[in-house]
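This report walks through one protein structure for a reader new to the subject. Please keep the sequence and the 3D view at hand while reading.

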Amino acid sequence: MDASRTGGRASAARVRVRMATLLCAAAALAVGAAVPASAQTARAPMDPNPVVLVDCFSKAQVRPQEYLLACGDGGNRLVGLHWDSWGRWTATAAGTDMVIDCTPSCAAGRLRPYPVKVTLGHPRPWPDHPGVQRYATIRLVYTDTAPPPGAKDVTYKLVY
């Protein structure tokens, strides 16, 4: 047999294998689409009245990706928050605390990243918002170094 015939058969076989692979993938997608959404994932239902985190602008937040800690100058912000839980008593996340290093001064300083675990707690009624609970404390546990001169484990009252 000559090389052109052998190459033709090999490429035809590759085309059939690719086609079979595509048909199997399409069938798998069709079966997945036919299953009701409730059977595809078993998620806990969302709480219709979750405890909220109140930001600097008096806006309620639930599972925010960012949270401003220093409302005055913006020199301390939690970013990249990934929430592990958000419940009636506590909420926990991991993320990064971006803190101005104040070197040579706070006005001329740069934001520095510090990996952090975040825990919200102590839900309390939110004044002027009947029936709404807000987290009243935030605990930051730095998983590497803490921003100087701070401790690796700090808790703040949230007063907004």
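The sections below cover the sheet, the core, the disulfides and the salt bridges.

## Basis of the report

The model is predicted: local features need pLDDT of at least 70, side-chain atom pairs count only at pLDDT 80 or more, and totals for chains, interfaces and linings use all residues. Residues are numbered from 1 along each chain as its sequence is written, and side-chain values use heavy atoms, with hydrogens and water left out.

## The sheet

An open sheet is built from six strands in the order β3-β4-β5-β6-β7-β8, with antiparallel pairing. Strands (E, at least two residues) are DSSP runs numbered from the N terminus, and two strands pair if DSSP finds at least two bridges between them. At the edges are β3 (67-68) and β8 (153-157), each of which pairs on one side only.

Strands β6 (residues 111-125) and β7 (residues 133-142) run antiparallel and are joined by nine bridges. Val118 has Leu140 in β7 as its bridge partner.

## The nonpolar core

A nonpolar core is a set of buried Ala, Val, Leu, Ile, Met, Phe, Trp, Tyr and Cys residues joined through side-chain atoms within 4.5 Å. Buried means under 20% relative accessible area, exposed means over 50%, and partly exposed is in between (1.4 Å probe, protein chains only). The largest nonpolar core has 22 residues, and those with the most contacts inside it are Leu78, Trp83, Val118, Leu120, Ile138 and Leu140. At least two residues of this core come from each of β4, β5 (91-100), β6 and β7.

Contact means heavy atoms within 4.5 Å. Leaving aside neighbours within four places in sequence, Val118 is in contact with several residues, including Leu78, Trp83, Ile138 and Leu140.

## The disulfides

A disulfide is a covalent bond between the sulfur atoms of two cysteines. The rule used here asks for a pair of cysteine sulfur atoms within 2.5 Å. A search of the whole structure finds two disulfides. With the bonded cysteines numbered in sequence order, the pairing is 1-2, 3-4.

Cys56 lies in the loop between β1 (53-54) and β2 (60-61) and Cys71 in the loop between β3 and β4 (76-86), so the pair ties together parts that are 15 residues apart in sequence. The torsion about their S-S bond is about -80°, so this disulfide is left-handed. In the other, the sulfur atoms of Cys102 and Cys106 are 1.9 Å apart, and with 100° about the S-S bond the link is right-handed.

## The salt bridges

Side chains of opposite charge can pair when their charged atoms come close. A salt bridge is a side-chain nitrogen of Lys or Arg within 4 Å of a carboxyl oxygen of Asp or Glu. By this rule there are three salt bridges.

Arg77 and Glu66 meet at 3.1 Å, N to O. Arg77 lies in strand β4 and Glu66 in the loop between β2 and β3, so the pair ties together parts that are eleven residues apart in sequence. Arg112 forms a salt bridge with Asp101, their closest N and O atoms being 2.8 Å apart. Arg112 is in strand β6 and Asp101 in the loop between β5 and β6, so this pair also ties together parts that are eleven residues apart in sequence. Asp153 and Arg139 meet at 2.5 Å, N to O. Asp153 lies in strand β8 and Arg139 in strand β7, so the pair ties together parts that are 14 residues apart in sequence. Asp153 is partly exposed at 38% relative accessibility, and Arg139 is partly exposed at 37%.

Conventions. Helix = DSSP H or I, 4+ residues; strand = E, 2+ residues; numbered from the N terminus.
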